[in-house]
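Have a look at the model first.

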Amino acid sequence: MKVYESKDIRNVGVVGHGDSGKTTLTAGLLFTAGASNRLLRVDEGNTITDFDEEEIQRRITISTAIAVAEWKKSKVNILDTPGYNIFINDARAALAAADAALVIVDGVGGVEVQTEKVWTFSDDFKLPRAVIVNKLDRERADFQRALESVQETFGRSAIPIQIPIGSERDFSGVVDLVRMKAYTYTADGDGKGKEGEIPANLAGAAQKAHEALIEMVAEGNDALMEEYFDKGTLEADQIVDGLRQAVREMRIFPVLCASAVHNVGSDLILNFIGEYLPAPVEREPVACTLNGVEATRKITEHDQPSLYVFKTTADPFAGRITFFKIYTGIVKNDANLQNVTRSTSERLAHLGSPQGKTLQPVTELHAGDLGAVAKLKDTLTGDTLAEKGFNIGYPPVKLAEPSIAFAIEAKSRNDEDRMGNAVHRILEEDQSLRFYRDPQTREFLLAGTGQQHVEIVVSRMKKRYGVDVMLKAPKIPYRETIRGTADVQGRHKKQTGGHGQFGDCWIKMEPLPRGAKFEFANEIFGGSIPKNYIPAVEKGIVEAAENGFLAGYPMVDFKVTVYDGSYHDVDSSELAFKLAARKAFKAAMQHAKPALLEPIMNVEIQAPVEYAGDLMGDLNSRRGRISGMETKGSTQFIRAQVPMAEMLNYQSDLTAMTQGRASFSMEFDHYDYVPQLQAEKIIAAAKAAKTGEEEEEE
């Protein structure tokens with residue numbers, strides 16, 4: 001692949017709700033630009049950007065893929081991102097490498113929940129963007145209705161620069177409202193329109209839309225506004241220049257028309273990308289740290305080399321593949337760079353330009369370009385690499401925490417030995433996963449953004465690394481506490497031949513506020529228990545509390561004060577006082593009103609407004625408390641606090657209730673009392689499990 005200067009590079013994120021046609025549109029752009037020799041299809045499982053086995057099988061994009069379209073002296077790096085809510089974090093991470101976004105909207109369904117989410121991501125990264133109304137060839141597709149949906153959600157600054165010729169199955173081309181030309185497409189899907197005059201039946205609508213566009217372009221530009229007032233119109237070149245400026249300043253979000261399946265409009269989309277969207281060097285300076293101090297840096301070729309790693313994939317054959325965006329300088333093949341984040345050095349052998357799963361060799365890449373390299377030793381997503389001595393760092397993208405965790409268990413001893421390595425290889429690739437051991441339940445937990453997300457990880461472990469594991473719902477980390485007070489004695493006395501054992505302590509026990517854990521106070525006066533035995537009393541209480549009283553869960557949020565006792569010069573020991581304290585703990589439990597606590601989660605749900613009533617009713621049935629509601633456009637945000645025990649199957653239930661159009665996030669907030677009825681069931685189950693274990697031991 002030839003080397004492109006920074007000014008000729010365009011990095012475009014293709015984003016939108018799941019099933020809006022992003023991958024098919026990407027395939028059309030690549031075919032039109034000559035990057036593939038035929039129009040590839042998701043249904044046939046052969047597209048350049050959906051190449052993972054799981055993606056082909058499920059026919060959805062799971063992870064962002066990058067491909068290059070070379071078009072009219074420009075190199076267009078296309079980032080084809082996931083659109084389903086459980087993989088949407090990957091779209092956010094990818095947009096860090098983009099300089100503009102194409103937001104794909106379904107011509108039938110209009111703006112959907114994830115469309116709003118990716119629009120917000122684009123706002124976060126200050127990305128100029130255009131809206132492409134896709135699937136205009138479908139039954140019930142309606143450009144005007146889709147446009148109204150876009151304008152209602154994102155404002156009147158979303159304005160058409162094209163209108164469709166024909167509708168539904170008769171959709172055959174578009175009218176360019178900037179140059180007032182019509183482009184019609186043939187059924188062979190080559191993506192190249194034939195220029196002609198605007199059809200007579202569209203002349204009036206096109207003229208009206210053309211005037212509305214001119215007015216909006218002139219609005220933010222004093223010179224154009226003056227010209228517009230003088231002549232009542234603008235020349236095509238003036239509209240182009242004004243629109244280019246307005247797009248880059250995010251004053252206007254142009255709306256275009258397409259049918260990805262029949263490749264209608266692809267050449268005009270590629271023209272639009274080259275003509276109106278900014279090159280990386282035209283963007284604002286990027287945030288960074290320089291020698292540990294916050295700063296900004298202009299993207300330019302004329303600087304020392306530095307790059308940011310925005311994605312990592314784990315290939316069982318090629319090893320780790322690192323995807324990066326160059327922010328400054330020129331990176332050459334075989335360059336030796338310093339990993340500023342980890343203070344190690346890396347050699348970039350076999351520099352490549354990504355084309356789906358293959359890397360096309362390049363001799364060098366300029367600032368603003370996207371590249372990839374295999375087999376770096378230490379570099380991971382979020383790291384900065386730079387020339388030695390150039391102490392610059394780019395901030396990693398912050399992703400939402402996982403919302404659901406499953407216990408993961410190897411099926412055999414052989415799988416157990418290899419499970420850790422396989423999980424960690426996949427964690428390098430997917431920043432929205434977490435893998436950890438619950439200190440209380442001692443289970444290994446794999447946390448992700450949804451059940452399907454975690455299931456895909458398990459499937460990849462088997463296919464890529466031959467590791468077979470089972471998923472189970474995690475054990476709920478209940479706690480125990482007390483509601484009342486107690487004042488008791490713990491006495492341990494054992495007489496055997498020779499030295500006996502003697503320990504005696506009086507303790508007061510009282511509850512503490514939630515989250516206070518445990519306090520121990522020593523109020524012994526007059527030496528009724530020698531100082532050196534006091535730590536043994538505390539240790540005895542702590543050990544007893546770890547195993548709880550009601551159902552074997554750790555005891556928290558209580559205070560113990562030791563205030564009296566007695567000892568024996570010969571028979572007393574640390575062990576004796578530890579055992580006396582354990583007896584005191586058990587005695588205190590008879591009076592201190594022990595109770596069960598459960599983890600309460602903060603839950604936020606995003607769903608279309610029409611589902612709000614059903615969702616709130618469902619949350620109430622899960623013992624949830626609604627803490628807030630907010631409506632943005634056609635999306636309802638519901639915030640609630642719900643017990644973790646009621647949320648284990650929520651992902652599948654939410655999908656069923658909303659036809660997959662809702663998403664949720666969940667994080668731990670606090671512990672609260674378990675209602676009596678549920679507590680009795682939990683205690684009974686814990687006792688039954690313990691009895692079963694004891695019988696097995698016998």
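Which residue forms a salt bridge with arginine 251? The partner is glutamate 249, and the closest N and O atoms of the two sit 2.9 Å apart. Keep in mind, as you look, that you have a predicted model on the screen. Arginine 251 is partly exposed, because its relative accessible area of 25% falls between the limits of 20% and 50%. Glutamate 249 is partly exposed too, with a relative accessible area of 42%.

Salt bridges can also share partners: Asp99, Arg283 and Lys325 are joined into one network that way.

Now for a pair from another part of the protein. Lysine 75 makes a salt bridge with aspartate 369, with 3.0 Å between the closest N and O atoms. If you trace the chain from one to the other, you'll cover quite a stretch, since these partners are 294 residues apart and link distant parts of the chain. Lysine 75 belongs to strand β3, which runs over residues 74-80, while aspartate 369 is found in the loop between β21 (364-366) and β22 (370-374). As for cover, both lysine 75 and aspartate 369 are buried.

Next, find lysine 135, which forms a salt bridge with aspartate 106. Here the closest N and O atoms are 3.9 Å apart, and that still counts because the cut-off is 4 Å. Lysine 135 lies in the loop between β5 (129-134) and α5 (143-154), and aspartate 106 is in strand β4 (residues 100-106), so their bridge ties together parts that are 29 residues apart in sequence. Are these two buried or exposed? Lysine 135 has a relative accessible area of 9%, so it is buried, being under 20%. Aspartate 106 comes out at 13%, so it is buried as well.

As for the fold, you'll find 16 helices and 37 strands. The C-alpha trace spans about 110 × 60 × 50 Å along its principal axes. Of the 698 residues, 55% are buried. Among contacts between residues at least 6 apart in sequence, 72% join residues at least 24 apart.

Note on methods. Residues are numbered from 1 along each chain as its sequence is written. This is a predicted model: local features need pLDDT of at least 70, side-chain atom pairs count only at pLDDT 80 or more; totals for chains, interfaces and linings use all residues. Side-chain values use heavy atoms; hydrogens and water are left out. A salt bridge is a side-chain nitrogen of Lys or Arg within 4 Å of a carboxyl oxygen of Asp or Glu. Helices (H or I, at least four residues) and strands (E, at least two) are DSSP runs, numbered from the N terminus. Buried means under 20% relative accessible area, exposed over 50%, partly exposed in between (1.4 Å probe, protein chains only). Contact means heavy atoms within 4.5 Å.
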